[in-house]
Amino acid sequence: MTTTPESFAQRFARLADARSPFCLGLDPSRDVLARWRLPDTAQGLSDFCERLADAAGESLAVVKPQSAFFERHGPEGLVVLQRVLKRFRAAGTLTLLDVKRGDIGSTMDAYAEGLFGEGSAWDVDAATFTAYLGLGALAKTVERARAHGACAFVVVRSSNPEGVPVQNATGADGRTVAQAVADGLRELNAKAGPGVLPAGAVMGATLPPADRDVVERLGGALLLTPGIGSQGAGFADLPKLFSGRERQVLPTAARSVLEAGPDVAALREALQAHQAPSRVFREGA
C-alpha cells in the first residue's frame, strides 16, 4: 500500500516550532565571495557553503539556495549546489531551491521531475516558480509537489518596482493579476485536501499594507517573504501585512546574515539575531 508522505507544510510547522521559522537565503554572489576573501570559483563557492553550513548546524528550519549563483560557475557550481543541499538535508533542514521556473507542457513537467521526488536530480523539499505563462501551466507541478510531500512557491507579489505594472494589472473580471494568482493557488490547495498546502506564495516583506487583500485571498497557503534586512524590511514590518497569518510565514533574509561572514562564530550570531525575532513573530507577540 502506498503511503502519502508528510507534507512540506506539516514538516515546516514542526521545525518552525522546534527551531524557528526563519529561512536563510544562500546567495553567494561575486560581491559576497569577495567580501569573504574567497576566489570567485567553484572552490570559493564550496568554501562559502561549508562555512555557512558549519555556522547553521541543525538550527535552521529552511535554507533557500539561489540557483543562479551556483549555475554561473557551470557544472562545477551545480556539483557544489547538490553537495550543500545534501548537507543541509542531513542536518534536518528543509531545502527550498530558488529557481523561479515557469513554462508549459512537457518542458514544465521536466522541470518538476528534476526538482521533486526521490531519485530526481535535486530532490528538494520546495522550489520557486513564476506563473507568467498561466497558473494552469503549473497545475501538474503542484500535483507532483503534493505527491512527494513538497511545496511549489509561486511568485504572487514581488517587492521590485518592475513587477508592479504586471502584478497589479487588472483583468476583464476586475481582479489584478496578483489577486487572480492568489485565488488560483487557494483553489489548488483546496483540491489537495486539508492541511497539505502544496501551493505556496512568494509575497515580498516590503510590500505595502494595501496588499493585505492578496494575502487574505491565499487562504492557508504558506508565505515565503523575502526582503528582510538589506532590502529594507524588518521583522517589525511583518505584522502590517501578515497579522493573523503568523504561522504561515517563512521570514527570509540572505545578505543581512551573510555580511557577518566569513567568521563562523559571527555568522552564528547573525543567524540567532534573525531567528529570535522570527520566533516572536510566529508566536504572534
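User: By class, what does the lining of the second largest pocket have?

Analyst: Keep in mind that this is a predicted model. The lining of the second largest pocket has 5 charged residues, along with 4 nonpolar and 3 polar ones. Among the residues that line this pocket are E6, R11, E118, D123 and D125, and also P5, F116 and H148.

User: Which residues are closest to the centre of the largest pocket?

Analyst: Look for D98, K100, S158, V202 and P226, which are the closest to its centre out of 39 lining residues. Several elements give two or more residues to this lining, including helix 2 (30–35), helix 9 (177–192), strand 3 (94–101) and strand 6 (199–203). By class, the lining of the largest pocket splits into 17 nonpolar, 14 polar and 8 charged residues.

User: Strands turn up in that list. How do I read their pairing, parallel or antiparallel?

Analyst: In general, strands of a sheet pair through backbone hydrogen bonds, and the pairing can be either parallel or antiparallel. In this structure the pairing is parallel, and 8 strands close into a barrel in the order 1-2-3-4-5-6-7-8. From one strand to the next, the twist averages 30 degrees.

User: How many bridges join strand 3 to strand 4?

Analyst: There are 3 bridges between strand 3 and strand 4 (residues 126–129), and these two run parallel. For one you can find yourself, go to L96: its bridge partner in strand 4 is A126.

User: What about cysteines? How many disulfides does a search of the whole structure find?

Analyst: The way to check is to look at how far apart the sulfur atoms are, with a cut-off of 2.5 Å for a disulfide. Searching the whole structure gives 0 disulfides.

User: Is C23 buried or exposed, and what of C49?

Analyst: Under 20% relative accessible area counts as buried. C23 has 0% relative accessibility, so it counts as buried. C49 is buried too, with a relative accessible area of 2%.

Notes
Residues numbered from 1 in each chain as written. Predicted model: local features only at pLDDT ≥ 70, side-chain atom pairs only at ≥ 80, totals over all residues. Heavy atoms only, no water. 1 Å grid on protein atoms, 1.4 Å probe; cavity = no way out; pocket = protein on both sides within 12 Å on 5 of 7 lines; lining within 4 Å. Helix = DSSP H or I, 4+ residues; strand = E, 2+ residues; numbered from the N terminus. Nonpolar A, V, L, I, M, F, W, Y, C, P; charged D, E, K, R; others polar. Buried < 20%, exposed > 50% of the residue type's maximum accessible area, 1.4 Å probe, protein only. Pairing = 2+ DSSP bridges. Axes fitted to C-alpha atoms, helices over the stretch in contact; angles between N-to-C directions.
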